[in-house]
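I am opening a notebook on this structure. My plan is to look things up one by one and write down what I find.

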Amino acid sequence: MMPDREGAPPRAWQRMLSGRRLDLLDPSPLDVEIGDIAHGLARVARWNGQTSGDHAFSVAQHSLVVEHIFAATFASASPSDRLAALLHDAAEYVIGDMISPFKSVVGGGYKDVERRLQHVIHIRFGLPPETEEATRKAIKRADQIAAYFEATELAGFSMTEAVRYFGRPRGIAADRFDFTPRSVKSVEKAFLKRFKAIETLLARG
């Protein structure tokens, strides 16, 4: 990106390939497109790219795994709940995937921006701005299970380390899910396909 012209107010919006301009300080649901989300998340690497394989393990692929784990572990999940699980990291299509240690260093400002973006993404796709607590906790647990398996299968963590940071998955095995890092284009298409499948379920009521 070009730097702001000297004396001009700092630019707080990002231009998307769709042509939308999303303002990070005052985001609007009207500027959120699922194509931009899928495109961006498929190009954002989990673990700062420090994973094994021929491709980065992207946030889009992580999101697909989390939604799969969530559905397998939360029996009462509705299509809306599954959509919330798929989109649980959607704000990262704008702000990237900041690893947890760096979040601790940066502090609360980052979380405020992330929360604003997540709210408008939810509104754009017909979800409540804040996910119901039981669903939120179940998505968080699915996220931690995915992180445990990613850490041990891809990121070089020992099982002891992974248990310390993410907890031990119980009653669920890694081989039920796809942790093979895939190409950007294949993951982008898979994310859009899953989004459309859930959208069809929502339309059926």
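**Entry: a loop residue**

I began with Trp47, which is buried at a relative accessible area of 18%. I use "buried" for under 20% relative accessible area, "exposed" for over 50% and "partly exposed" for in between, with a 1.4 Å probe and protein chains only. I noted that the model is predicted: local features need pLDDT of at least 70, side-chain atom pairs count only at pLDDT 80 or more, and totals for chains, interfaces and linings use all residues. Residues are numbered from 1 along each chain as its sequence is written, and side-chain values use heavy atoms, with hydrogens and water left out.

Trp47 sits in the loop between H1 and H2. Helices here are DSSP runs (H or I, at least four residues), numbered from the N terminus. I looked up the backbone too. Trp47 is not a glycine, yet its phi is positive, about 60°. Asn48 lies in the loop between H1 and H2 as well. Its phi is near 55°, again positive in a residue other than glycine.

**Entry: rings**

Next I searched for aromatic pairs. Rings of Phe, Tyr and Trp (its six-membered ring) pair if their centres lie within 6.5 Å; planes under 30 degrees apart count as stacked, over 60 as edge-to-face and the rest as tilted. How many aromatic pairs does this rule give? The count is 9.

I checked Tyr148 and Phe149. They pair edge-to-face, 5.6 Å centre to centre, with 75° between the planes. Both Tyr148 and Phe149 are buried. Phe149 also pairs edge-to-face with Phe179, at 5.8 Å centre to centre and 65° between the planes. Which parts does that pair tie together? Phe149 is in helix H7 (residues 133-153) and Phe179 is in the loop between helix H8 (159-166) and helix H9 (184-204), so the pair joins parts 30 residues apart in sequence. Relative accessibility is 6% for Phe149, which is buried. It is 7% for Phe179, also buried.

Trp47 came up again here. Ring pairs join Trp47, Phe157, Tyr165 and Phe166 into a cluster.

I then looked for charges over rings. The rule asks for NZ of Lys or CZ of Arg within 6 Å of the ring centre and within 35 degrees of the ring normal. The charged end of Arg21 sits over the ring of Trp13, 4.2 Å from the ring centre.

**Entry: the core**

I moved on to the nonpolar core, a set of buried Ala, Val, Leu, Ile, Met, Phe, Trp, Tyr and Cys residues joined through side-chain atoms within 4.5 Å. The largest one has 55 residues. Ile37, Leu87, Tyr93, Ile121, Phe125 and Phe191 have the most contacts inside it. Helices supplying at least two residues each include H1 (34-41), H2 (59-73) and H3 (79-86). Which helix gives the largest share? H7 does, with 9 residues.

I followed up Tyr93, a residue of helix H4. It is buried at 7% relative accessibility. I listed its contacts (heavy atoms within 4.5 Å). Beyond four places in sequence, Tyr93 touches Met16, Leu22, Asp31, Val32, Asp36, Ile37, Gly40, Leu41 and Ile121. I also compared C-alpha positions: Tyr93 and Leu83 are 10 residues apart in sequence and 16 Å apart in space.

**Entry: a pocket**

I looked up the second largest pocket. A pocket is an open set of points on a 1 Å grid over the protein atoms alone, where a 1.4 Å probe fits, with protein on both sides within 12 Å along at least five of seven lines; lining residues have an atom within 4 Å of a point. Its volume, the space filled by probe spheres set on the points, is about 180 Å³. The lining includes Gln61, His68, Asp178 and Arg182. H2 and H9 each supply at least two lining residues. H2 gives the largest share, 4 residues.

Gln61 is in helix H2. I found it buried, with a relative accessible area of 4%. Leaving out residues up to four places away in sequence, Gln61 touches Asp178, Phe179, Thr180, Pro181, Arg182 and Val187.

I ended at Ser158, in the loop between H7 and H8. Is Ser158 buried or partly exposed? Ser158 is partly exposed, at 35% relative accessibility. Its C-alpha atom is 41 Å from that of Pro29, 129 residues away along the chain.
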